[in-house]
Amino acid sequence: MSTHSTSIPDNPPPRYRAPIWTLLVLAPVIAEVLSGATRLSVLFVLIPEIMVWGVGALLARELVRRWRAGGPSLLMLGLALSVAEEFLIQQTSIAPLPFPGANAAYGRSLGVNWVYFLFMLGFESLWVVVIPVQVTELLFPAHRHKPWLRTRGIVVCCVSFLLGSFMAWYGWTQQARVHSLHAQPYQPPIALIASGIAAIALLFALAYLLRATGHSCRNASCTPWSPWIAGGIVFLLSTPWWVLIALIFDPHLDPPAWAALAAGITWAVLAFVLVQFLSAPQGWSRMHRWACCFGAVLSCIVVSDTSAVGWSRMDLLGKFIFQALGLAGALWLVLRIRRSPAPELPAES
């Protein structure tokens with residue numbers, strides 16, 4: 001009778017369950033819950049949101065880390081996720097807008113809600129992907145440069161993303177849009193679906209081609225601005241972005257759609273360039289990254305609070321409780337960072 005011994009490796013591969021689950025939850029919570037897009041009365045939709053937004057942000061980060069890429073690549077993948085949401089999954093940028101009080105004709109041309117789509121490109125790429133990834137890596141700085149998923153994890157994430165995308169598509173296009181908002185059923189043209197797929201492929205290619213940018217070196221000759229100034233600048237850059245969505249719902253704001261689109265694109269480019277300039281000095285630190293994330297999230301909270309008119313008391317109470325918890329978490333994180341301040345390494349993005 002023979003016995004078989006099982007050898008256990010001295011250093012088994014590390015597992016990253018804590019940062020993985022943190023990012024899965026933070027992506028929809030920061031973008032949807034803190035902004036009020038997902039209210040307490042419909043909090044159950046967090047399940048498909050985690051499967052789409054959370055898993056999408058996790059997969060985008062995984063690609064960036066495996067490519068050893070930087071911030072621009074993560075932004076391109078965030079834009080690709082936004083296009084997938086707007087053209088393929090919930091199709092809100094190509095179907096006529098069904099929301100009560102919305103000017104569905106504003107900025108709609110060639111079957112696309114261009115002003116709405118531009119807003120969502122910025123919102124979903126930054127508040128769903130870039131900011132939650134940054135916050136999660138601030139929480140787990142020792143794992144910042146490491147991929148978190150094994151092959152099995154990638155497969156599970158891809159399956160979860162597809163399943164969540166189907167749930168989101170069915171729940172919105174076949175149920176909420178038709179039965180709750182009483183909109184006409186919408187069948188997107190094949191050409192729009194194909195253009196969305198092509199745009200996603202192009203953004204993936206750009207993300208790969210830009211993998212060497214954004215973290216190659218720091219400028220040792222410059223001194224970084226105060227984190228509070230950097231955070232204030234990001235707040236001021238983020239807040240005007242919400243004007244784009246206000247144009248669709250406020251009848252008193254009615255500039256030509258082409259002017260809104262031109263201004264929005266110009267503002268986005270200037271904001272990207274300015275943030276790249278701010279983060280270039282060698283002394284850019286975790287505190288700076290926290291301040292920038294906080295400025296962006298604070299703008300989301302402040303602006304969304306001005307549009308909560310007509311909410312139920314339960315939803316208002318839930319919104320303020322979630323926001324208070326979010327601000328408390330941000331305060332806890334900054335205190336944790338200040339206890340162990342350290343400048344960013346040259347390889348960090």
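A residue counts as buried when its relative accessible area is under 20%, and with that in mind I would like to walk you through a model that, please remember, is predicted.

Let me begin with the aromatic rings. The structure holds 17 aromatic pairs, and one of them joins Phe-123 to Trp-242 in an edge-to-face arrangement, with 5.6 Å from centre to centre and 70 degrees between the planes. Phe-123 belongs to helix H4, which covers residues 114–139, while Trp-242 sits in the loop between helix H7 (227–238) and helix H8 (243–249), so this pair ties together parts that are 119 residues apart in sequence. Both partners, Phe-123 and Trp-242, are buried.

A second pair, Phe-166 with Tyr-170, has ring centres 6.3 Å apart and planes at 20 degrees, and because planes under 30 degrees apart count as stacked, that is the word we use here. These two residues are both in helix H5 (residues 151–180), where they are four residues apart, about one turn of the helix.

Now to a polar residue, Asn-113, which is part of strand S2 (residues 112–113). Its relative accessibility is 1%, and so Asn-113 counts as buried. The Asn-113 side chain makes a polar contact of 2.8 Å with the side chain of Arg-108, and, if we do not count residues up to four places away in sequence, the residues that Asn-113 touches include Thr-92, Ile-94, Leu-97 and Gly-107.

In soluble globular proteins, nonpolar side chains tend to be buried together. In this model the largest nonpolar core has 87 residues, and among those with the most contacts inside it are Ile-30, Phe-119, Trp-127 and Trp-290. Helix H4 supplies the largest share of this core, 17 residues. Which residues does Ile-30 contact, leaving aside its neighbours within four places in sequence? Ile-30 is in contact with Ser-35, Trp-127, Ile-131, Pro-132, Val-135, Val-297 and Cys-300.

Terms used: Residues are numbered from 1 along each chain as its sequence is written. This is a predicted model: local features need pLDDT of at least 70, side-chain atom pairs count only at pLDDT 80 or more; totals for chains, interfaces and linings use all residues. Side-chain values use heavy atoms; hydrogens and water are left out. Rings of Phe, Tyr and Trp (its six-membered ring) pair if their centres lie within 6.5 Å; planes under 30 degrees apart count as stacked, over 60 as edge-to-face and the rest as tilted. Buried means under 20% relative accessible area, exposed over 50%, partly exposed in between (1.4 Å probe, protein chains only). A polar contact is a pair of N or O atoms within 3.5 Å; within protein, one must be able to donate a hydrogen and the other to accept it, and residues adjacent in sequence count only if both atoms are side-chain atoms. Contact means heavy atoms within 4.5 Å. A nonpolar core is a set of buried Ala, Val, Leu, Ile, Met, Phe, Trp, Tyr and Cys residues joined through side-chain atoms within 4.5 Å.
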